[in-house]
Amino acid sequence: MPFKISDVVAAGTLARQAQPTIPVPGGLVIRPWSPDDAPAVYEAFQDPLIQRWHARDAESVDETRGWIDGWRKAWSEEKDAYWAIADAATDELVGRIALRLIVLADGQAEVAYWTMPSARGRGIAPRALTALSDWAFDEVGLHRLELTHSTANEASCRVALKTGFEPEGTKRSAVLHVDGWHDMHLHALIRTSGTKAP
């Protein structure tokens with residue numbers, strides 16, 4: 001029995017091309033991960049704020065090198081896509097951004113991000129999120145991007161609102177953190193709504 005609705009984005013749309021480097025205003029790029037980023041990722045995961053919002057601990061540079069290997073391989077599977085956020089001039093790692101839980105047929109994905117402690121307060125997350133959202137809509141053809149964060153994570157909520165991700169509600173007791181179950185705010189950006197310049 002045929003489907004009455006065509007896939008929003010055809011399977012293979014990502015896997016057929018190399019993972020791109022995306023320019024970000026203000027001298028940044030979103031680029032594919034390199035094994036050379038492993039020490040900086042290890043450093044990032046020693047930060048208490050990153051530890052608070054993630055279920056993983058990084059115990060060694062070798063472990064984060066394994067994560068990066070998985071992030072690089074994920075592109076061809078079209079379920080997740082991970083990028084480093086880097087200084088365009090020095091290539092210094094300043095953060096991570098990702099499309100997670102990608103469902104091309106439905107034209108949807110979830111965004112996730114973090115920034116290095118030394119890079120906070122410079123508007124990096126909003127600028128990178130806007131650039132990635134524009135690419136996902138304009139180049140890939142996705143229709144809806146979701147962003148979820150703990151209701152206790154006020155910084156992530158500010159990023160969502162600044163970049164036009166409209167609040168849609170609260171998912172009660174939705175994600176287990178080290179300190180217990182957290183309610184999660186759900187935000188979304190729709191292709192027709194456009195993105196705001198941070």
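Predicted model: local features only at pLDDT ≥ 70, side-chain atom pairs only at ≥ 80, totals over all residues.

Phe45 and Trp114 are both buried.

**Aromatic rings**

- The pair count in this model comes to 8 aromatic pairs.
- In one of them, the ring centres of Phe45 and Trp114 are 5.8 Å apart with the planes at 90°, so this pair is edge-to-face.
- Phe45 sits in the loop between α1 and α2 (48-53), while Trp114 belongs to strand β5 (residues 108-115), so their pairing ties together parts that are 69 residues apart in sequence.
- Trp83 and Trp135 make another edge-to-face pair, at 5.4 Å centre to centre and with 75° between the planes.
- That pair also links distant parts of the chain, since Trp83 is in strand β3 (residues 81-87) and Trp135 is in helix α4, 52 residues apart.
- Trp83 counts as buried because its relative accessibility is 0%, and Trp135 counts as buried at 10%.
- One aromatic cluster is formed by Trp33, Phe45, Trp67, Trp71, Tyr82 and Trp114.

**The nonpolar core**

- In soluble globular proteins, nonpolar side chains tend to be buried together.
- Here the largest nonpolar core has 54 residues, and those touching the most other members are Ile30, Trp83, Ile97, Leu99, Trp135, Leu142 and Leu145.
- Helix α4 (residues 124-140) gives the most to this core, with 10 residues.
- Ile97 is in contact with residues including Ile30, Trp83, Tyr113 and Leu132, leaving aside neighbours within four places in sequence.

**Helix α4**

- How many of the 17 residues of α4 are buried? The number is 14, so the helix is mostly covered.
- With 17 residues at 1.5 Å a residue, α4 should span 24 Å, and its end C-alpha atoms agree with this, being 23 Å apart.
- Gly141 follows α4 and has a positive phi, near 95°.

- Strand β1 (residues 22-24) pairs with β2 in the antiparallel sense over 3 bridges, and Ile22 stands opposite Ile30 in β2.
- The two strands form a hairpin with 3 residues between them, and Gly26 in the turn has a positive phi of about 90°.
- β2 is also joined to β3 by 4 bridges, and these two strands run antiparallel.
- Across from Arg31, the bridge partner in β3 is Ala84.
- Which residues point which way from β2? Leu28 and Ile30 point one way and Val29 and Arg31 the other, and all are buried.

- Asp37 is placed in the loop between β2 (28-31) and α1 (38-44).
- Is Asp37 buried or exposed? Its relative accessible area is 6%, which means that Asp37 is buried.
- Not counting residues up to four places away in sequence, Asp37 touches Arg31, Ile68, Ala84 and Leu93.
- Ala160 lies in helix α5 (residues 154-162) and counts as buried, at 0% relative accessibility.
- Residues up to four places away in sequence aside, Ala160 touches Tyr113, Leu147, Phe165 and His187.
- Ala160 and His54 are 106 residues apart in sequence, and 18 Å apart in space, C-alpha to C-alpha.

Key: Residues numbered from 1 in each chain as written. Heavy atoms only, no water. Buried < 20%, exposed > 50% of the residue type's maximum accessible area, 1.4 Å probe, protein only. Contact = heavy atoms within 4.5 Å. Core = buried A, V, L, I, M, F, W, Y, C linked by side-chain atoms within 4.5 Å. Expected span 1.5 Å × (residues − 1). Phe/Tyr/Trp six-rings, centres within 6.5 Å; stacked < 30°, edge-to-face > 60°. Pairing = 2+ DSSP bridges.
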